[in-house]
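Here are my notes on this model, in numbered points. Please read them with the structure open.

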Amino acid sequence: MASKFGLAGGIPERRVRPIWDAIDSRQFKNALKHCTTLLSKHPNSPYALALKALILERMGKADEALSISLNAKELLLSNDAVLIDDLTLSTLQIVFQRLDHLDMATSCYEYACGKFPNNLELMMGLFNCYVREYSFVKQQQIAIKMYKAVGEERFLLWAVCSIQLQVCCGNAGEKLLALAEGLIKKHIASHSLHEPEALIVYISLLEQQSKFGNALEILSGNLGSLIMIEGDRLRMQGKLLARAGDYAAAADIFEKVLQLSPDDWEYFLHYMGCLFDNESSMCMGTGGNPMGSTKSVECKNLKLPDEVFDSRISRASTFIHKLLVECNNDSIRCPYLANLEIERIKLVYGKVDADKLVEGLMQYFSRFGHLACFASDVELFLRVLDPRKKSEFLEKLLEGCDSTTDSPVKALGRSISVFKIQNSIDNMFTLSTGDLEGLAVQMVDMYCKSLPLSKDLDIQENMHGEELLSMTCNVLVQLFWRTRDIGYLLESVMILEFGLTVRRYIWQYKILLLHLYSFWGCLPVAHEWYKSLDVKNILLETVSHHILPQMLVSPLWSDLNDLLNDYLKFMDDHFRESADLTFLAYRHRNYSKVIEFVQFKERLQRSSQYLVAKIEAPILQLKQNAYSIQEEEGILEGLKCGNPFVELSNEIGNKSLTFNEDLELRPWWTPTFDKNYLLGPFEGVSYCPKESLIKQSEANVLKAIEKRSLIPRLIYLSIHCASSVKEHAEDNGSTSDPKLSLELKILLERYASILGFAFKDAVELVLGVSRSQKPLEVLSSDIVDWMNFVVFLNAWNQNSHEIGFSARETWNLVNCLLKKYILEKITSIGPLVSSPGSNLPVLVQLITEPVSWHSLVIQSCARTLVPSGKKKKKSGSADQNTNLQSHEIQDSIQSLCDIIGEVTKWVNVQIKEPDDKKFESIFSSLQRNEHSQGPGKIVFMLENFISSANDVQLGDRIFQALQQWSAADVARKILAGQRTLLSEFLRICEVKVKSLQALKVHL
């Protein structure tokens, strides 16, 4: 190509280099200047035009960049004298890709490959285009063409991977895998294989077709030597034998694996699974959650004769004993865990009593009890013990802690492990309030005494005993749940703030804090702690569930907008750039990563949280601009009138969504985003298991996505139906479209169905509540959704009257229900400072959603009363209807103003109450006495510790940090956060009242 001879796109490289240097240093104006000079000398050079387009795109001038790119493309396709090289095409590809016109780059490469059919560089460029488009069939075709052209093994494997992608990520049947197998067989016959990845791909093909015997034959032959690490080859062989059903041979192989890697717990479980003919342990990589892992052997095969069971368990015991003798390494835990697993299996089979397992657990504690992982290591073994044996084990642990002569660090680790075990066996839920208080005091005292152990550690290093404050927080929150004494809640916040004052990098404290602050109506402070987590990249998908649900129902619109935009930008950028990773995997011959990257991208595309964010971002825009119907219509036009979201709602039942949130990091009291135990009465250990909660939460998300997807279209149709009232449509220049009214009715029926009612029943229900024939509580669980339904029902009734009620009746229905429920929420909330877990988010939603949509309907109807253009002479009947509708609209405006006025009055009372009074109301909940019952003991202990601390004992860094903490400052931070939240809510209310009053004056 020309670039190999000192030319770039047919232009001397010395003329192009300054342009690239300027682009690389982000000096785009300078780059554009050089490029303009270059174009003056080479005006018909596609490469020069491509460079200019690239610079303009980087400068944010997308339209100009696209226009110039199209000119370059036209020159390439129409002028045979123009040089076509990969450098020009790849530059154009970058521009077209960033402008979301990848199909144009593909057409350029297809033309070039047609013109130069045997040019390998161009074919690789075209393959890259197909990778970016996820066109697996075309990838396969061009890869085979390259393989035929040069016979290289890598191009054959590109084709094989493309076939695998058609099967696992496309719609192709598994019969296509036989084609891929045939291609590799033919290549082996003529060239053999030369890369380990090639062999791995071949074996994975055979596995996918359940040809385990053939795969074993290949792995045992000459090609097996490509897997140079013996342990890796044995692992593959063992898995294949197990999946083929030859468990005895597989067990023999796994013994060899464990001799090479005695700390490989996963393969010990596979070994035990094979000993007991348990096929389920070998279902690896064939489905399910790849992030999950087997923690123990499932003892399903209980029909083994006693002598067979005894023989196999004896073999396992002998082998593990041999491993223990050979490794003799205190850092290796697997053989000791294996002994526990053997005792667990014996107990399940009824061969021993639980005392043997407890004895084994105590031996494991004596060796590894100081490690942070001890509690999680033994958790599964504790599950097979009855409550009496668990308590007995806990008593022995406590005795073991007292009798050890470990170093201070190890002794601290053992004590923490005991606290964890106490929590994992639900012992804390059975303790009395006094015992729980004592436990919390004990843990904080231990934390304070352990601080000197960390005085020489760097601030980035984990401190000894950090987990103690997290566990203390959990105990204090449980005490609040039991007693409803906010002093315990305040103390739980204070100890976490204390821990973060000592070391600000402890993410576990921050997550607990943001949930506690959110619960207490201090969302601005919670959001600040979330931002301090510095969540980036894929963590936006797995971690943002800690704050996003609370922000969606808050008045912090600016922060919510940033949160949604950051998340959506990451996801969209990843979808745009993930193909780069896939092509890199092809080029670096890491073929297993090719499939992994594509599957990961598809998993993210089906993310439930991604759909929620895509729906909530435009709804937020609509809420922010509800004061102006003209602004709303512009937004709705940009959203294609909400039609794409209705399509999404229609498809949601057929979508297989993924839930990628890492729920393990959530506090115990809120295991899912829509469940918080603290909102209800104390339930002890009888609360719902987490697994069923997660399933219910996922079902709720699907329902919410289906329902929320309808909102933009419902708003659009409501505006148009309300402004198309037959008596006034002609005066306003609009037309009454019966299709819109029919569609609105269909969506209302759908909305009612999602709420669990037929349309007619839903209408009767809301009418019954408005007339006090049914209690307010019947709508309370989904009150915001019901109020939205009523608002849209009224808009539809302005044009339809099918339900047998006059327009005035449905206006009154909306006004009555909004007033009833909003005033009821105001009454139930009480003082925010002393009412954690209040209904404030529901009140905010009622004002920002149904009230907003209702104001849009009012604005739309008001517009019909002010005809555009020349006024027509009206009949007396028309005048009467106009006056009647004007009266109804003015009544509704006044009703909304009165309702929002009541909310504003309540918010002002909350804000204007003296801070000293609010401070005293919560700070006085702490007794701050070492001997008194109730909250305050821990704060008292911390204050005494700080006053008696010295820099010699603690080190200068920790000592200086302690001086910055103040219990009073934490209480004031809560008050400041609540004030900020209420101020934002007040601003929203004031804007709504102002716009409604202006509309009333206009009428």
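1. Accessible areas here come from the Shrake-Rupley method with a 1.4 Å probe. On that basis, the accessible surface of the chain is about 44000 Å². Carbon and sulfur atoms hold 50% of that surface. Keep in mind throughout that this is a predicted model.

2. Overall build. The chain has 47 helices and two strands. Along the principal axes, its C-alpha atoms fill a box of roughly 105 × 95 × 60 Å. Of the 1003 residues, 53% are buried. Among contacts with a separation of 6 or more, 71% join residues 24 or more positions apart.

3. Charge. The chain carries 108 positive and 122 negative charges. Salt bridges number 48 in the structure.

4. Helix H15, residues 265–275. This helix is mostly covered, with 10 of its 11 residues buried. Among the buried ones are Trp 265, Tyr 267, Phe 268, His 270 and Cys 274. Which helices cover them? The cover includes H13 (230–243), H14 (247–260), H16 (306–327), H17 (334–348) and H19 (374–382). Look also just after H15, where Asp 277 takes a positive phi of about 50 degrees.

5. Lys 531 pairs with Glu 528, and their closest N and O atoms are 3.1 Å apart. The two residues are separated by about one helical turn, because they sit three residues apart in helix H26 (residues 523–532). An α-helix has 3.6 residues a turn, so residues three or four places apart point the same way. Lys 531 is partly exposed, at 44% relative accessibility. Glu 528 is partly exposed too, with a relative accessible area of 47%.

6. The side chains of Asp 573 and Lys 569 meet at 2.8 Å, N to O. Both residues lie in helix H29 (residues 557–587), four residues apart, or about one turn of the helix. Are the two partners buried or exposed? Asp 573 has a relative accessible area of 18%, so it counts as buried, the cut-off being under 20%. Lys 569 counts as exposed, at 52% relative accessibility; here the cut-off is over 50%. Lys 569 and Asp 573 also belong to a network of salt bridges that links them with Asp 100 and Arg 576.

7. A salt bridge across the sequence. Lys 623 bridges to Glu 849, with the closest N and O atoms 3.7 Å apart. This pair links distant parts of the chain, 226 residues apart. Lys 623 is in helix H31 (residues 608–624). Glu 849 is in the loop between helix H40 (840–848) and helix H41 (850–864). Both Lys 623 and Glu 849 are buried.

8. Nonpolar surface. Ile 538, Leu 539 and Phe 600 form a nonpolar patch on the surface. Together they have about 220 Å² of accessible area. Phe 600 is found in helix H30 (residues 591–605). Its relative accessible area is 34%, so Phe 600 counts as partly exposed.

9. Leu 823. This residue is in helix H39 (residues 807–829). Leu 823 is partly exposed, with a relative accessible area of 29%.

Key: Residues numbered from 1 in each chain as written. Predicted model: local features only at pLDDT ≥ 70, side-chain atom pairs only at ≥ 80, totals over all residues. Heavy atoms only, no water. Buried < 20%, exposed > 50% of the residue type's maximum accessible area, 1.4 Å probe, protein only. Contact = heavy atoms within 4.5 Å. Lys, Arg positive; Asp, Glu negative; His and termini not counted. Charge placed at Lys NZ, Arg CZ, Asp CG, Glu CD. Patch = residues over 30% accessible without salt bridge, like charges linked within 9 Å, V, L, I, M, F, W, Y side chains within 5 Å. Salt bridge = Lys/Arg side-chain N within 4 Å of Asp/Glu carboxyl O.
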